[in-house]
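Please review the structure shown here together with its sequence. The briefing is arranged by topic and is intended for reading beside the coordinates.

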Amino acid sequence: MRKLVLTVDDSAAIREMLAYVLKSAGHRVIEAEDGMDGLQKALSNKVDLVITDQSMPKMDGITLVKALRALPQYKKIPILLLTTESADDMKDEGRSAGATGWLVKPFDPTKLIEVVEKVTR
Amino acid sequence: MDLTRFLPMFFQETEEHLAAMEGHLLRLDPRSPDPEALHSIFRAAHSVKGNSTIFGAKPLADVMHQMESILDHIRNEELHPTNNVVSILLDACDAVREELRRLKDSGETDQAALQAVYERLTRLTQADAALPGAPHDAAAPSTRRSERFRVEIQLPAGQGIATLPLAELYAELGALGRVEDVQASDGAKGAPALFLFLLTPERHEVVRAKLVSLLGTDSVRVERHDAPPRPAVPAEDTPPVRPPSTGATAFGLFGEEQSTMGALIRSSGSVMQTGVLDARITGRRATDQDLSPSGFGRRATDRMYFDRSSIRVDVDKVDRLLNLAGELVIAQSMLAEAAQRSGAAQDAGLRDSVAYVARQTRELQEAVMAIRLLPLDYLFSRMPRLVRDLAQKLAKDVELVTQGGETELDKEVIEKLADPLMHLVRNSLDHGIEPPAVREAAGKSRRGTIQMRASHHGGGILVEVQDDGGGFDRDKILRKAEERGLQVQPGMSDEEVWQLAFAPGFTTVDAVSDVSGRGVGMDVVKRNIRALSGHVDVRSSRGEGTTIAIRLPLTLAILDGMNVEIGGESFIVPLSVISEALVPQPGQIKSITSGPQVVQVRESYVPLLDLEPLLHIRGGAARPEAGIAIVVEADGRRAALAVDRLLGQQQVVIKSLEANFRPVPGIAGATVLGNGRVALILDVNALIRAGLAPLKGMENLEAEAHER
Amino acid sequence: MQNRALNPSRARGTVAAPMREYLAFRLGDEDYAIDILKVQEIRVFEAVTKLPGAPEYIKGVINLRGLIAPVIDLRIKFGFKEAAYGRFTVVIVLHVHERLVAVVADAVVDVVALTEDEVKPPPEFATSVNVEYVMGLGAKDDHMLILLDIEKLISSQELGIFDAEAAL
């Protein structure tokens with residue numbers, strides 16, 4: 001099913017890669033280059049899924065998750081954090097902040113699609 | 001997935017991150033580094049690390065990881081960013097840049113070089129460099145230090161967060177600084193509220209004022225907050241480079257159920273306990289005063305660059321757009337011409353339409369050209385590093401001050417200005433500024449200053465490089481000029497002598513300095529500036545210093561010009577140099593024994609340029625009364641051009657003559673007219689210089705003319 | 001004659017002996033030939049804008065679809081008896097050293113393919129054109145073609161088209 005995905009990452013290369021994979025699977029993509037930008041885009045679009053990096057200017061990923069969860073319309077929308085494998089601290093923080101799950105970088109395209117399907121069912 | 005298609009972005013981004021890191025590093029205050037700056041450097045290093053990992057450049061990722069560690073130590077006050085530390089970090093950036101270049105060019109990697117850098121960084125993380133003591137040659141911070149504030153927004157009972165103007169609120173916060181944490185209290189303990197933690201260089205009153213105007217006085221409280229609301233994320237271990245995770249750990253979900261309200265409350269509750277009052281007091285208080293600048297990079301005007309909404313566009317696309325806009329200008333003038341020829345100009349409707357198209361074309365063109373404008377800071381920002389490294393090498397104490405960096409120039413002009421500017425700065429450092437001891441002996445301050453200023457100046461841009469060094473040595477230059485067989489006359493003015501230094505192959509360096517290179521300097525600078533349709537002037541005073549002034553047109557592409565006919569040929573005179581045009585009456589033109597004819601313009605007399613020897617045409621100068629005199633002014637000097645007819649004002653697209661031909665003296669460029677023919681654009685500056693050169697002084701001229 | 005753009009990359013059949021293609025054109029009484037790969041197009045001689053202070057053999061500049069290119073008359077440069085501009089006078093637009101330069105010709109003769117055997121070494125006696133720019137003599141159908149090293153000629157100091165700043 002076609003979904004509207006918001007990708008938030010300050011690396012244009014990563015955003016490109018995510019968009020490439022998501023669009024080939026038929027989803028629509030909105031991109032943001034930092035947490036604040038992501039929040040603004042989430043406020044002005046009805047997004048089905050958020051995929052966000054952690055370390056970004058203006059507002060980092062965890063803060064973005066918290067800000068989103070404080071909004072009624074985003075209390076239940078799936079939010080995935082992009083992490084590097086061994087970042088256990090971040091996973092804990094992510095969980096407490098209210099993220100739905102995490103995705104490891106570098107990501108496998110098929111896994112990405114799988115997760116997207118799973119959380120947006 | 002084939003990652004190579006994303007490689008160019010990777011390279012570009014990494015370059016940008018490195019530049020940002022460098023900029024922040026140069027401005028760090030070793031005594032108390034700005035947390036926001038440290039944060040930015042850390043983030044940049046982190047991004048490069050992340051990207052490098054994805055693209056399989058492990059050595060790079062490792063180097064970045066060490067940088068992260070060092071920055072962490074600095075953040076935790078376990079390490080002071082002294083000169084030495086900053087140098088090591090800057091060197092690391094250089095090494096990464098080199099590696100990038102290598103990878104881009106040949107795909108090869110220099111393991112040994114990166115390994116050496118890695119080890120140097122590692123030693124630093126272990127070194128006990130936390131000792132206070134006097135950090136010498138501190139790089140000065142130019143921006144206010146950032147402070148933390150806790151913003152509490154009360155929500156009246158029963159109203160949800162959705163009643164707040166969230167978009168505007170977050171936009172305002174984003175403009176103020178960085179939002180470090182967000183916490184929502186649902187009202188379980190007292191009124192529901194939203195807590196936001198902000199890191200900003202703005203003062204308390206400013207933050208409060210902005211939020212109050214948005215939300216009302218009663219709803220918002222702003223308080224200083226000492227600690228980072230969440231512990232800073234420590235540098236993660238570098239993950240081993242491996243193919244993208246395919247195993248079960250590739251992703252995970254926190255519990256199978258989606259967040260329910262209950263889970264949300266529980267999680268936010270737990271955060272409330274640990275977050276706000278987390279007592280990790282770092283003991284560093286932000287201060288209000290600007291620390292006195294004393295180092296390698298000081299900006300005379302402060303400027304905070306706020307993230308503006310922007311998109312990345314390929315330069316080629318912009319160039320294509322610009323070309324199309326330019327061709328549209330030509331097409332539009334062809335249209336105007338055809339309309340005129342056909343006599344349909346009587347048709348008011350057609351006339352109006354043509355005029356409308358002309359206006360729209362012009363606007364479109366200006367808009368497209370504005371896309372290509374970049375602030376000069378793009379160049380100025382490279383200078384502190386250059387000055388620092390070179391001054392160290394030459395054992396001189398030099399400070400760089402920049403001003404007017406926000407002045408914008410066409411991208412192409414800026415790029416072509418880079419080399420000349422750097423060369424001028426190198427020259428000032430190498431030959432201009434004296435060693436500290438020499439300066440002291442001369443009664444000057446030990447520290448020399450190089451000022452780089454940019455400003456708008458009469459339709460163009462003026463960029464000046466000024467040093468307070470020893471100035472040009474007139475005798476030395478004259479001697480060298482004679483040696484080189486250049487034309488030297490007794491009684492040459494200082495300006496003329498300085499111009500000698502711009503001759504090809506000229507150099508006054510006795511020993512070839514490996515810093516400036518051979519004497520290929522000044523003449524290349526002049527040629528490069530001329531290729532930009534600009535001019536270079538020198539003002540110098542022995543013992544006091546030198547100022548090099550570069551004048552540039554705003555854009556390379558378009559010119560408002562007056563089409564004139566001289567000797568049957570069509571030429572374009574740039575409108576920016578024309579002050580007026582007049583039909584000389586008999587008696588207004590006088591001849592003077594010592595020079596050219598002059599034409600009376602109201603109260604004064606302006607020399608009439610004889611275009612015949614200059615342009616090799618029979619111009620109207622033979623019978624100036626029969627034509628029109630155009631009074632032009634350039635470089636503070638006035639002259640009059642005698643032309644046969646005025647053919648009309650038009651906007652022309654400047655085409656380069658030098659792309660396929662050599663420079664023609666007196667001609668600045670060419671353009672294509674509405675009839676498809678080429679018209680040459682006059683270089684009025686050069687014509688004035690050449691035409692008036694043999695003259696002694698304006699006063700004599702005027703005096704003589706008045707006598708007659 | 002219409003402005004004709006030549007396509008130098010024509011399909012070649014299998015040829016036994018290595019061949020190069022040349023554009024043959026007439027200057028005065030003689031036929032010259034230049035490497036066709038350097039030729040961008042051929043245009044009618046018209047609408048040349050004079051350049052102040054340029055030597056006589058540099059006729060001026062023309063507009064080539066937005067680019068400004070100089071026009072050179074070799075007949076004048078090498079002292080031919082006549083340099084007329086008539087119905088068949090053309091300019092051959094060359095792409096040399098990243099630049100565009102147009103050369104006046106009395107007429108275009110043909111596109112000629114010559115094998116190595118058909119090219120003889122340059123003569124020892126002086127030709128109208130300075131012999132250092134002559135690569136050889138080509139013989140085709142009783143026709144003698146003087147093969148010019150046009151790149152060397154165009155970028156030569158002697159012609160002075162490129163670089164070298166001058167002062168007023």
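The model is predicted. Chain B contains 20 helices and 24 strands, and 48% of its 708 residues count as buried. Between chain B and chain C, about 2,400 Å² is buried. Over all chains, the salt-bridge rule gives a count of 45.

- Among the contacts in chain B with a separation of 6 or more, 71% join residues 24 or more positions apart.
- B:Leu196 sits in strand β3 of chain B, which spans residues 193-200.
- With a relative accessible area of 2%, B:Leu196 is under the 20% limit and therefore counts as buried.
- The C-alpha atoms of B:Leu196 and B:Val151 are 5.0 Å apart, although 45 residues separate the two in sequence.
- Once residues up to four places away in sequence are left out, B:Leu196 touches B:Phe149, B:Arg150, B:Val151, B:Ile153, B:Leu169, B:Tyr170, B:Leu173, B:Asp181 and B:Val182.

**Interface of chain B and chain C**

- Chain B contributes 28 residues to the contact and chain C contributes 29 residues.
- Of the area of about 2,400 Å² buried between these chains, 63% is on carbon and sulfur atoms.
- On the side of chain B, B:Asn660, B:Phe661 and B:Arg662 lose the most area to chain C, and together they make up 30% of what that side buries.
- The two chains are linked by 1 salt bridge, in which the side chains of B:Glu569 and C:Lys50 meet at 3.0 Å, N to O.
- The elements of chain B that give two or more residues to the side touching chain C are α17 (521-531), α18 (611-615), β23 (667-672), β24 (678-682) and α19 (684-692).
- That side of chain B is made up of 16 nonpolar, 5 polar and 7 charged residues.

**Salt bridges within chains**

- B:Glu22 and B:Arg385 form a salt bridge whose closest N and O atoms are 2.6 Å apart.
- This pair joins distant parts of the chain, with B:Glu22 in helix α1 (residues 7-26) and B:Arg385 in helix α12 (residues 383-394), 363 residues apart.
- Both partners fall under the 20% limit and so count as buried: B:Glu22 has a relative accessibility of 11%, and B:Arg385 has one of 8%.
- B:Arg221 forms a salt bridge with B:Glu223, with 2.8 Å between the closest N and O atoms.
- In that pair, B:Arg221 is partly exposed at 44% relative accessible area, and B:Glu223 is partly exposed at 32%.
- In chain C, the side chains of C:Glu158 and C:Lys77 meet in a salt bridge at 4.0 Å, N to O.
- The chain C pair also links distant parts of its chain: C:Glu158 is in the segment after α2 (150-154), C:Lys77 is in helix α1 (residues 74-77), and they are 81 residues apart.
- C:Glu158 is partly exposed, at 33% relative accessible area, as is C:Lys77, at 24%.
- Through shared partners, salt bridges join B:Glu15, B:Glu22, B:Asp94, B:Arg97, B:Arg385 and B:Asp389 into one network.

**Nonpolar cores**

- The largest nonpolar core has 72 residues, of which B:Val573, B:Val632, B:Leu682, C:Leu94 and C:Ile154 touch the most other members.
- Apart from neighbours within four places in sequence, the contacts of C:Leu94 include C:Ile34, C:Val39, C:Leu100, C:Val101, C:Val103, C:Ile150 and C:Ile154.
- A second, separate core has 60 residues, including A:Phe107, B:Ala57, B:Val63 and B:Ala92.

**Backbone angles**

- Most residues other than glycine have a negative phi.
- A:Lys58 is not a glycine, yet its phi is positive, at about 70°.
- A:Lys58 lies in the loop between β3 (49-52) and α3 (61-69) of chain A and is buried, with a relative accessible area of 16%.
- B:Ala395, also not a glycine, has a positive phi of about 55°.
- B:Ala395 is in the loop between α12 and β8 (398-403) of chain B; its relative accessibility of 56% is over the 50% limit, so B:Ala395 counts as exposed.

Definitions and conventions: Residues are numbered from 1 along each chain as its sequence is written. Chains are lettered from A and ligands numbered from 1 in the order in which they are written. This is a predicted model: local features need pLDDT of at least 70, side-chain atom pairs count only at pLDDT 80 or more; totals for chains, interfaces and linings use all residues. Side-chain values use heavy atoms; hydrogens and water are left out. Helices (H or I, at least four residues) and strands (E, at least two) are DSSP runs, numbered from the N terminus. Buried means under 20% relative accessible area, exposed over 50%, partly exposed in between (1.4 Å probe, protein chains only). Contact means heavy atoms within 4.5 Å. Buried area is the accessible area (1.4 Å probe) that two parts lose on being put together, summed over both. Ala, Val, Leu, Ile, Met, Phe, Trp, Tyr, Cys and Pro count as nonpolar, Asp, Glu, Lys and Arg as charged, and the others, Gly among them, as polar. A nonpolar core is a set of buried Ala, Val, Leu, Ile, Met, Phe, Trp, Tyr and Cys residues joined through side-chain atoms within 4.5 Å.
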